[in-house]
Every structure is written in C-alpha cells, then in structure tokens.
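Here are some friendly notes to read alongside the structure. Please keep the model open as you go through the points.

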Amino acid sequence: MATARLLTLPAPTREYVWKEKAGPVQQKLQQEDVALPPPSYGERVGWKPKKLSDYGDGGAYPEVHIAQHPLGMGKKETTAVVPLEVDAQTGQVKYDAIVKQGANRDRKVYSSLDDIREKEGDSLALPSAEKEAETAARTQAALGAIIEGKINSAKPTHVPEACARRAATFVRYTPNPTAPGYTEAAKQRIVKMVEQQVDPMEPPKHKHSKIPRGPPSPPVPVLHSPPRKVTVADQQSWKIPPCVSNWKNARGYTIPLDKRLAADGRGLQEQTVNNNFATLAEALYIAERSARDEVRARAQIRQQNALQEKEAQEARLRELAAEARRERSAVAERAANTTTRRYEDDDSAEEAHQGRVEREEARIQRKRERERQMRLDNAKGDLKRSRLERERDRDVSEKIALGLLKGTAKLEGEAQFDKRLFNQSAGLDSGLGADDDYNVYSKPLLDREDANAIYRPRLTQDSKYGDPDDQYNKLKTTSKFAPPDQAFAGTEGAKARQRDGPVQFERNREPPAADEQDPFGLDQFLSDVKNKRP
Amino acid sequence: MKVVQSAEGTQAMFAREDPFAPAPPCREALRWKIASKVFVVGRRPAVGSATTGASTLGERETYAENLAEALSGARKKQRRQKAAAHPDNVVTYDQTTGALVRRQGGVVPPRESWIIPRRRVPPKVPEPTWHAPWKLQSVVSGHLGWVRCAAFDPKNEWFCTGSADRTVKIWDLAKCSAGAEGGLKLTLTGHINAIRGLAVSDRTTYMFSAGEDKKVMCWDLEMNKVVRHYHGHLSGVYALALHPTLDLLITGGRDSCARVWDIRTEKQVMILGGHTNTVGALASNATDPQVITGSHDCTVRLWDLAKGKTMCTLTNHKKAIRAMRVAPFEFSFVTGGADNLKKWQCLDGLFLRNLAGHRAVVNALALNDDGVLVSGADDGSLCCWDYRTGYCFQRFESTPQPGSLECEAGVYACEFDKSGSRLITCEADKTIKIWKEDPDATPDSHPIDMPAWTKQCRQQKRF
C-alpha cells in the first residue's frame with residue numbers, strides 16, 4: 001500500500017529541515033576534523049581546548065582555567081532559528097510553530113484555512129458553577145499574592161528581603177585528615193555563618209544600566225484577506241475638503257478687509273425683500289390708525305358726557321348753596337342780638353385773647369417739633385432711626401415714674417439673679433466673660449417682645465394669616481384717614497356742612513305736626529282698640 | 001458518466017468521475033495555445049516567414065476550427081468523455097456506502113490512503129429564528145454632550161449614562177420609557193472629560209466610571225460620592241468591565257493596555273500589555289478566558305488572568321474593534337468593528353460566524369437573552385441580528401432630534417435592560433432613545449426573507 005501511495009503521490013517539491021532531537025554532539029564530532037591531539041599533561045600552559053574533539057571521550061582539564069564543556073555538558077543550546085515543522089495529519093507546514101516556541105507553548109494559534117471558515121461551535125455550553133468556583137479560587141490565589149506583595153511593600157515598616165538580617169546558620173565542618181595543616185585536636189569544627197553587615201547608606205558599587213526591553217512575542221498569523229483596493233467612490237467619500245479661511249490666505253497672510261469683502265460675494269447678491277413685508281407693514285399701519293381714531297372718538301364722547309354731568313352737578317350745587325345762604329342769613333339775623341351782647345364784657349374778651357395766644361404758641365411749638373422730626377428723619381446715619389427706636393435706649397426713668405415699667409422688683413425665684421451664674425461647671429469667670437466685654441446684664445431691662453409682635457399677622461383657625469376676605473372687607477369699609485368734616489351716620493343729609501362758627505344748638509319750638517308725630521297712625525289705632533273694648 | 005456492471009452482481013453500480021484520471025490540459029495552457037493561434041489568424045504574417053506555423057489557407061482553416069472548438073469548450077468535453085470511456089479509468093463505487101470497489105486496470109488502494117480532491121459543497125442554510133422588529137418608544141434628552149456609555153441597575157429600576165458633558169446621569173427606567181416627567185434622578189459630576197465606560201456592580205452598591213481624563217472612579221450610590229480612584233492609566237480610558245465573581249475591575253484605554261484593579265485596595269494588580277493600539281472593547285468572564293480585549297490594532301486577545309498572559313490572539317478582523325459582547329446564554333462572544341461583526345467561541349477563540357452587512361463603523365453592540373443582537377454605528381444606523389444564525393432581520397436609522405445636524409446621527413452605545421425588552425441607545429445628538437419590540441408584529445407581517453438569506457449563505461465569502 002505504501003508503494004501504491006508513493007506511486008500516486010507526486011514528487012516532493014520542497015525539502016524540509018527536521019529538528020534534530022538527539023545526537024548533536026555526535027553530529028558535531030563528525031563535522032569537526034580531528035587533526036591535532038591535545039598536548040600531553042604538563043605541556044598545556046597557554047593551551048585552550050576549543051573544539052569538542054579536544055576533550056576526547058569526555059573529562060575536563062583542571063589545570064586550564066577556562067569554562068569547559070566536555071561533550072557539550074552544561075552548555076546552553078541557544079539558537080534563534082525555529083525548525084520548520086510539518087503537520088502529521090495534513091502535511092502542511094506548521095506556521096504557528098514560531099508563535100508557540102518557548103514560554104508560549106500552550107498558546108492557541110489559528111493558522112490554517114479551516115480556521116477562517118464559518119462553523120458551528122463545538123463547546124458552546126456555559127461553564128458550570130464548579131468550574132467557575134475553581135477558576136475564581138485559582139485566580140484569587142494568584143492575584144492575592146500580587147496584591148499582598150504590593151500592600152506590604154507600600155507599608156512604611158517594610159524591609160526588603162535583601163536587606164533583612166538572616167539568622168546565623170551553623171555548619172559542621174570536618175577537615176580532610178590528609179590535608180596540610182590538619183591537627184588531631186580539631187577533628188571537627190562548628191562554623192557559624194553570619195551575614196556581613198552592610199552599610200545601608202553605602203553608594204552602589206556598580207553603575208545601574210537600563211536593560212533594553214526584550215523582544216515582543218512573535219506575531220500571530222494574520223487570518224484576514226488583504227485589504228481591498230480603494231475604489232474611486234471610497235476615495236471620494238473620504239475626501240474632506242480643506243477649510244478655507246476668510247481671514248488668512250493659503251500662505252498664512254492676512255487678507256485685507258476690502259479683498260475679503262469683495263471675495264465673499266456680498267455685493268454680488270441683490271437683496272430682495274418680499275412684497276408681503278410691505279403689505280403687512282401697511283396693513284398694520286392702517287389698523288393702528290383706525291384704532292387710534294376710534295379711541296379718540298370714544299374719549300371725546302366720554303369727555304363731553306363728563307362735562308355735561310359736571311355742569312349739571314355744579315348748577316345743582318350752586319342752587320343748594322344759594323338756598324343755604326339764604327337760610328343762614330335768616331338765622332344770623334336772628335342770633336345777632338345775643339352774640340353782640342355776650343362780647344361786650346371786657347374780661348371775657350381778655351380771656352378769649354389769652355386763649356388765642358396760647359393756642360397759637362402751642363401750634364408753633366408743634367410745627368417746630370414736626371420740622372425737627374422731619375430734619376432728623378432726613379438726616380443720615382444713626383440719626384435716621386425712627387423716633388421710637390431712638391427713644392428706646394433713652395432714659396426710662398419717666399416711664400418708671402409713670403408706673404409703666406415694673407423693673408425687677410417683682411421678680412421672684414431664679415429670675416431675679418443673673419442667669420449666667422447658674423449651671424457653670426467651670427466657675428464664674430467662664431460665664432461672665434472677659435473684662436472688656438460689654439455684657440453687664442444677661443437680658444435687656446425692658447422686654448419688648450410683645451411690642452415686636454404687634455404687627456405680626458396672627459394665626460387663626462382658618463389659615464396662617466387670617467381670613468383674607470375678612471381683612472379685605474375691613475380695609476375696604478374702614479377708612480384710616482377719616483375726613484374731619486365727615487357726617488355722622490343717620491344725620492340729615494349725607495353731606496357734611498361747612499361750618500363758619502362753633503356748633504350751636506337751638507330748641508325746636510314748633511310742635512311736631514300730627515302726621516309727623518304718628519306717621520303710621522299707630523297711636524290712633526291703639527286708642528281705637530282701647531276705646532272699643534267693652 | 002456511465003453505469004457499469006455490478007462487481008458483486010447484487011448492487012447497482014454507477015460510475016463517477018475518476019479522481020485518478022489524468023488531468024485534462026489546464027485552462028492556462030489552452031489559452032496560451034489559443035493565443036498563439038490568434039496571432040496566426042488575426043494578424044497576417046509575412047509570406048514565407050519561418051516563425052509562423054500556418055501559412056497556407058488550409059492550415060489556417062483548421063486553426064480557426066480549433067479555436068472555435070476551444071472557445072466553446074467542446075473539445076474539453078470531448079476529451080473528458082474519452083477519458084471516462086477508457087477502460088482504465090472506469091471506477092466502480094458501492095452505491096450505499098460510496099466505497100470504491102473496483103478500478104479497472106489499476107490497484108485499488110484502501111480508502112484511508114485516498115487523496116480525493118475536495119468538492120465545494122454548498123453550505124447548509126441555517127433557519128433563522130423570528131424576532132419582532134424594534135421601534136422607537138421614547139426619546140430622553142438631558143445631556144449636554146454626546147452620550148457615550150450606559151449601564152443598567154441590577155434591579156432594572158434605573159440606568160446610568162455617561163456623556164461627553166462630563167456628567168453621569170441616573171435615570172428612572174419606568175418614567176423614561178413612558179416619556180414621563182422627572183425621569184432624571186441624579187446627576188453626578190467629578191470627571192473632567194468625556195465619560196467612556198460605566199458599570200454597576202451587582203454585588204455591592206458601587207458604580208464604576210471611566211473617562212477620557214484617565215480617571216477611573218468608584219461611586220458609592222448610598223452616598224452618591226466618589227469613594228475610590230484607580231490611578232494609573234497613562235491616557236484616556238475607553239472601556240471598563242467588572243469581573244463577575246471576583247472583586248476586580250478591568251479597564252482598557254488609549255495607552256494600549258488593559259489594567260486589572262483590585263476594587264477594595266485600589267491597587268493595580270496586573271497590566272495586560274501586548275496590544276499595539278488603543279484597547280477599545282473589553283469583556284470579562286467568570287472562567288477562562290477571564291478577560292477578552294478588542295483593540296484598534298484589529299486584534300482580539302483572550303487573556304489568562306491568573307498568569308497575566310495572552311491565551312490566544314485573533315487576527316480575523318480587518319478594522320479596529322470597537323465593540324464586544326459576551327452572550328449570556330451560551331459561551332460565545334461577538335466583536336464588531338468597521339468591517340464586519342464576528343462571532344467566536346469563548347473557550348478557545350474559535351471563529352464561528354461572520355455577520356456581514358452593516359456597512360458602517362460599528363460602535364456598539366448589545367445582546368439580549370432572546371438572541372437579538374443589535375449593532376449601532378457611527379452614522380446612526382442600527383441593525384438587528386439573529387445571534388444564532390447571523391441573519392439581519394431589521395435595519396433602521398435613528399433620527400437625530402430636531403435642531404441637530406445631519407452628522408450628529410450616531411450611536412455610541414446600546415444596551416438592553418435586564419429583562420431584554422427595552423433597548424436604549426446613546427447617541428451623538430445628545431439624547432438617549434428607548435426602543436421596544438413592535439407588539440403588533442407577527443411572523444406574517446414581518447416575514448423572514450428566506451430567498452435573500454439563502455443567497456447570502458450560498459455565495460462565496462471573503463473576509
């Protein structure tokens with residue numbers, strides 16, 4: 001069968017170098033020519049064994065002080081050439097051998113054509129929990145060691161292993177009895193081995209040199225097809241136009257302003273405004289004008305109405321005034337006799353004059369006071385405080401005299417003592433503070449807490465700030481500034497009358513008319529009822 | 001092909017093309033021949049020239065006939081028929097087992113030693129699973145920059161998004177997906193550059209964020225404060241993953257390495273170096289390979305975390321790898337870049353499937369338990385794939401919100417919620433879009449396009 005296969009197979013086109021598994025020494029021995037035997041014992045001064053054949057069957061030359069490797073023993077085989085290997089199954093060259101050499105032996109390398117074909121996976125099952133736990137434990141152990149080392153080395157008390165003093169070791173030493181200097185007395189010795197103390201501050205004895213980085217791991221076979229040729233369409237789609245500056249030209253010089261304006265085509269474009277803008281503006285203008293006209297007309301009509309009304313009212317008032325004047329003249333004539341009689345007395349005249357003078361003085365004083373107050377209010381700084389505020393700090397003796405302030409006379413219990421004296425574990429000094437502190441009193445003399453709360457809105461049941469409707473009605477109905485000449489409710493005529501003298505009363509002489517006394521005929525009715533009763 | 005008599009006399013025999021038949025003259029040789037003839041026929045040579053073989057009219061005619069025959073392939077056919085008819089080349093096969101029984105005029109070697117040229121078998125077309133198409137449910141805006149990453153709460157009550165406006169925002173999932181007010185629960189500030197990676201721990205109350213400002217931070221969500229900094233990255237951090245079983249945090253970034261951090265002590269346990277460009281995507285498993293990194297140097301590396309060494313390097317991608325996702329239901333993962341999406345076996349990195357068709361720079365991948373794979377790209381296009389077969393059942397574009405530029409259509413991250421029923425995409429138009437499955441869709445209303453899928457499966461693939 002082998003012959004059949006050989007018959008069918010074509011002749012090999014390539015030659016392969018097979019890795020030699022054994023027998024390099026023999027090979028080398030064969031290659032080297034055994035020309036000169038090594039010099040005999042005692043004549044080897046200056047001679048060096050160079051070839052494998054110099055060692056014969058093996059064994060080194062102790063009198064030659066160089067590194068010797070008889071039969072290649074202890075010599076490291078270093079070669080950069082990776083032998084070409086062929087797969088036993090397919091007969092194809094194993095291109096992954098170069099990647100898998102050395103420490104990368106267990107690496108998975110894909111290099112065959114089959115590895116780029118689509119296929120269904122063979123081990124797609126999710127890993128089991130045991131596998132996960134096992135992997136976690138393994139990884140934890142490996143990484144834990146690294147972390148521990150890093151943490152320890154970061155500790156300030158850490159001493160590197162090299163610097164640490166190791167404990168002394170003892171060695172039992174038995175000297176060779178045939179050696180020179182051997183004494184019977186010391187058949188055996190115990191040697192204590194102690195590490196020599198090193199000065200930690202000693203400068204390094206050798207120069208540190210940077211070791212160049214080792215070569216990276218060999219490249220993995222590339223399993224993708226070569227890049228496609230870039231088509232014209234692709235190139236065009238990737239073409240990004242360079243930005244054109246408005247300010248600098250291609251050489252980097254600033255473009256002058258006039259050139260820039262000429263270049264940007266600003267003057268070339270004719271600016272057209274849509275007709276509708278004009279139409280809109282016109283329509284707006286017309287609408288506005290008509291609206292203004294209407295408003296003006298309406299205002300005129302209203303004004304005319306108001307004028308007419310006012311004239312009518314004035315006429316009525318004039319009429320009323322004329323009537324009132326007429327009535328008053330009648331009353332004045334009647335009272336003229338009595339008043340002239342009263343002022344004839346000198347004393348009373350004197351009194352009246354004096355009273356007028358006093359009133360005048362008081363008025364002047366009040367005026368002065370008002371002016372002063374105004375000036376104070378207008379003044380800046382501390383003076384600008386309101387009078388109430390200013391007077392708060394002033395002498396309170398008047399208030400005490402008036403009995404407005406009670407002082408501390410009626411305080412009882414703890415309140416009559418300085419509060420800072422209580423609950424002080426550190427002694428009195430701590431409570432009273434420094435000498436230059438101005439805190440003689442623990443609390444102000446006058447408690448103005450309630451005064452502050454006067455104008456605060458009160459809580460009511462309904463809401464936080466009272467019923468808004470109530471407050472509004474109150475504000476609407478009650479006037480803060482009642483006019484002095486306001487008429488009392490229920491008096492005759494809604495309007496108050498202008499007075500030109502003191503208020504005078506007169507007795508109503510005429511008896512009331514019958515219909516005025518009993519306008520509803522109630523008395524009549526009652527008497528009728530009484531009289532009719534049997 | 002010729003039916004021959006039975007060898008044993010009991011079974012019907014049939015002849016196949018003999019693998020050992022002498023090869024017909026190959027096409028190259030034939031063409032060369034034809035070319036020489038064309039020279040003769042086409043250009044008339046000088047009379048009496050020694051170099052031309054056909055100077056007479058008759059010769060020329062025969063050459064022309066030969067040429068026509070060769071061009072029509074008739075001669076090749078003839079020759080093949082002749083070869084098949086030759087008694088030496090008639091081979092008999094057993095019909096049931098397909099074993100070679102007899103070859104006339106030759107020694108039949110045992111079956112193990114045959115070398116039979118491989119015939120291209122049309123690949124089997126896998127039947128895709130039907131999935132409902134996805135449609136937009138709500139749009140959440142609130143970030144002031146590109147939204148670059150998202151992560152879900154293990155209880156599925158909220159999700160967090162990291163943005164180029166240097167903030168992490170925490171959103172209420174229910175409110176956001178209903179489009180209600182007050183979806184934003186919290187805004188966390190602390191990063192000084194765009195945030196590129198987020199992860200919420202399901203074993204502690206910690207959230208982890210990584211940004212282009214080289215910072216990796218651990219947030220305590222009970223206090224809403226940064227409790228730990230993982231300092232050491234030399235450049236921006238682009239990807240972040242939490243180890244599922246150990247207290248380890250893995251980050252990868254522009255310094256082309258992945259760093260493994262001990263969460264508790266803030267120490268860098270290990271540095272996984274070997275990539276020659278930015279590490280753009282990361283994933284972590286409970287078993288080996290515990291870390292998978294995808295890089296802009298177009299390679300994927302599977303790492304042995306205990307040794308800190310690469311287990312395997314996958315070089316099938318042609319473009320930078322920007323997204324990666326491990327399947328929750330089987331031990332496989334999918335990587336995506338600007339060229340293709342590729343599906344791999346997790347255990348050893350065996351190449352399984354190539355998902356071609358998303359012709360854009362794929363930035364994000366999301367995968368749910370139903371086997372719906374969503375890929376989001378730089379130009380705002382999204383593709384939904386059946387993960388098992390690689391059938392793309394939906395392609396759609398996400399519309400940028402009004403007022404944004406056309407170029408601001410881009411998907412930077414997509415994530416399924418823990419139930420797999422909502423998809424959120426983080427976009428370049430500063431919004432987060434929430435998608436759901438179309439409830440009205442049925443296999444009848446949105447059928448699988450089997451003819452196109454079959455065609456796609458059958459065609460020769462080059463990747």
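1. Ring pairs join B:Y206, B:F208, B:Y230 and B:W261 into a cluster. Here, rings of Phe, Tyr and Trp (its six-membered ring) pair if their centres lie within 6.5 Å; planes under 30 degrees apart are stacked, over 60 edge-to-face and the rest tilted. Over all chains, the count by this rule is 13 aromatic pairs. The pair of B:Y206 and B:F208 is edge-to-face, because the ring centres are 6.4 Å apart and the planes stand at 85 degrees.

2. A word on the basis: this is a predicted model, where local features need pLDDT of at least 70 and side-chain atom pairs count only at pLDDT 80 or more, while totals for chains, interfaces and linings use all residues. Residues are numbered from 1 along each chain as its sequence is written, chains are lettered from A and ligands numbered from 1 in the order in which they are written, and side-chain values use heavy atoms, with hydrogens and water left out.

3. (Buried means under 20% relative accessible area, exposed over 50%, partly exposed in between, with a 1.4 Å probe and protein chains only.)

4. Another edge-to-face pair is B:F329 with B:Y387, at 5.6 Å centre to centre and 85 degrees between the planes. B:F329 is in the loop between strand 20 (321-326) and strand 21 (332-337) of chain B, and B:Y387 in the loop between strand 26 (381-386) and strand 27 (391-397) of chain B, so the pair ties together parts 58 residues apart in sequence. Strands (E, at least two residues) and helices (H or I, at least four) are DSSP runs, numbered from the N terminus. B:Y387 is buried at 1%, while B:F329 is partly exposed at 32% relative accessibility.

5. B:Y387 also has B:K343 over its face, 4.6 Å from the ring centre. Likewise, the charged end of B:R196 sits over the ring of B:Y238, 4.2 Å from its centre. (The rule asks for NZ of Lys or CZ of Arg within 6 Å of the ring centre and within 35 degrees of the ring normal.)

6. Now to the two chains: the contact (heavy atoms within 4.5 Å) takes 45 residues from chain A and 48 residues from chain B. Four salt bridges are counted between chain A and chain B, each a side-chain nitrogen of Lys or Arg within 4 Å of a carboxyl oxygen of Asp or Glu. In a salt bridge, the side chains of B:D288 and A:R138 meet at 3.0 Å, N to O.
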